[in-house]
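Reader: Could we go through this model together? I would like to begin with the contacts within a chain.
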Amino acid sequence: MTSTAPPRRTDTATKQRVWDLPTRLFHWTLVVLVGLSWWSAENDQQDLHLYLGYGVLSLLLFRIGWGLAGSSTARFSSFVRGPGAVASYVRNRFHWPLAGHAPLGALSVLALLAMLFVIVGTGLFAADEDGLFSGPLAYLVSVGVSDTMTGLHEELFDILLVLIGLHVAAILLYRLALGRNLLGPMITGKAELEPGVEPMRAGKWWVALICLVAAIAITRWIIGGAPPLGT
Amino acid sequence: MNRSHLYLFCAVALLAGCKAQEPANQANAVIPSAETQNAATAAATLTPDQALAVAKEREEHMEAFGDATKKIGNELKASKPDVAAIQQSAAKIADLAPKLQSWFAPGTAEGVGKSRAKAEIWQKPEDFALKAHDFETAAQEFKVAADRGDLTQIKTTFEALGKSCKACHDLYRAPKKD
């Protein structure tokens, strides 16, 4: 592979781990599921849309757990920062020596996660206009509330698209204007770090498994109408 | 909104409704009835304002169907469904269903207000009438089941009702506009 590739600035030997496998799998599965959800909604595949939504919900719940107890770069405590950190990052011309999310990228991650949570959350209470398909919690609220949730579920998706657009545009800008490859590390998990910079401290595989099992269990409970709330 | 024209339209709609309420064995031969054709001729002269009013009224009726099916769906998901609420919604649907065809006056297709009625409705009137008839039958059967109060039967007939909605919407309803 290296023989046919053009000469590279970076030496793969110095690359360090920055994103763990669970985080990368989460990211790319989410990309696929959100894309399919969009397609299914536009093409009246409501039953498929519901299942995709359950998938997205499971992923988001998993990410919460992994953000609390996962690898160092996946933890919220490592990338949730105040506006001061963002401002100084911009003043420093986007220089970020550490492994993990830079302050602006962290904002993008948080905005995307929050928006996805709101969209999935409103979807749980939504119903299609014919009343043939509805989210698993729609029966807990009045038809009026459900209609409002449906409207939000549809309208907020446009905001999600804007956030996704910004996310992708930023990655392109970093590549074109700053010469930094952000896409590669999200695929391989590795990036070149400056000497002396601590690489990712990997989380435990069994913690990831517990997070996944818990996420699926909570999702199943919600699919079941969140008993005993409905009784 | 022009009241007198609406009354005229409602009268035509009622006529169409009477026809649709005839026993199933007679209605099996689904050819646009004389009444429907009269409705078509009468409605062909709709002014833009009238067309808008017809499309808007149709949308309200369709939303009423949606409200009713959502209520029923919610009840059926509850651990103890409120059968009385289901009966009420079933009666509303069965009441409105026979009038459905009359809400589709020519000149009220896509482009008129928020109308999502595809032009195919008026290009394939036999098929449209057949599907409207299927819906009406399903609505009556669902009402009978609801009045009987047997939940298993209610669920089966409700599913059939949903399919009859979808059969028509898949072919003759344009996607929702933003």
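Reader: For contacts in chain A between residues at least 6 apart in sequence, what share joins residues at least 24 apart?
Author: That share is 70%. Please bear in mind that this is a predicted model.

Reader: Which elements does chain A have, and in what order?
Author: Chain A has eight helices and two strands. From the N terminus, their order is β-α-α-α-α-α-α-α-β-α.

Reader: And what are the dimensions of the box that its C-alpha atoms fill?
Author: Along the principal axes, the C-alpha atoms of chain A occupy a box of roughly 60 × 45 × 35 Å. Of the 231 residues in chain A, 28% are buried.

Reader: Turning to the interface, how many residues of chain B are in contact with chain A?
Author: On the chain B side there are 14, in contact with 13 residues of chain A. Helix 4 (48-77) and helix 8 (151-172) of chain B each supply at least two residues of that side. Helix 4 of chain B gives the most, with eight residues.

Reader: Staying with helix 4 of chain B, why does B:Glu75 count as buried?
Author: B:Glu75, which is found in that helix, counts as buried because it has 20 C-beta neighbours inside 10 Å, and the cut-off for a buried residue is 20 or more.

Reader: Which residues does B:Glu75 touch, leaving aside those up to four places away in sequence?
Author: B:Glu75 touches B:Pro81, B:Asp82, B:Ala85 and B:Ile86. By contrast, B:Pro106 lies 31 residues from B:Glu75 along the chain, and their C-alpha atoms are separated by 37 Å.

Terms used:
Residues are numbered from 1 along each chain as its sequence is written. Chains are lettered from A and ligands numbered from 1 in the order in which they are written. This is a predicted model: local features need pLDDT of at least 70, side-chain atom pairs count only at pLDDT 80 or more; totals for chains, interfaces and linings use all residues. Two residues are in contact if their C-beta atoms, placed from the backbone, lie within 7 Å. Helices (H or I, at least four residues) and strands (E, at least two) are DSSP runs, numbered from the N terminus. A residue is buried if 20 or more other C-beta atoms lie within 10 Å of its own, exposed if 12 or fewer, and partly exposed in between; C-beta atoms are placed from the backbone.
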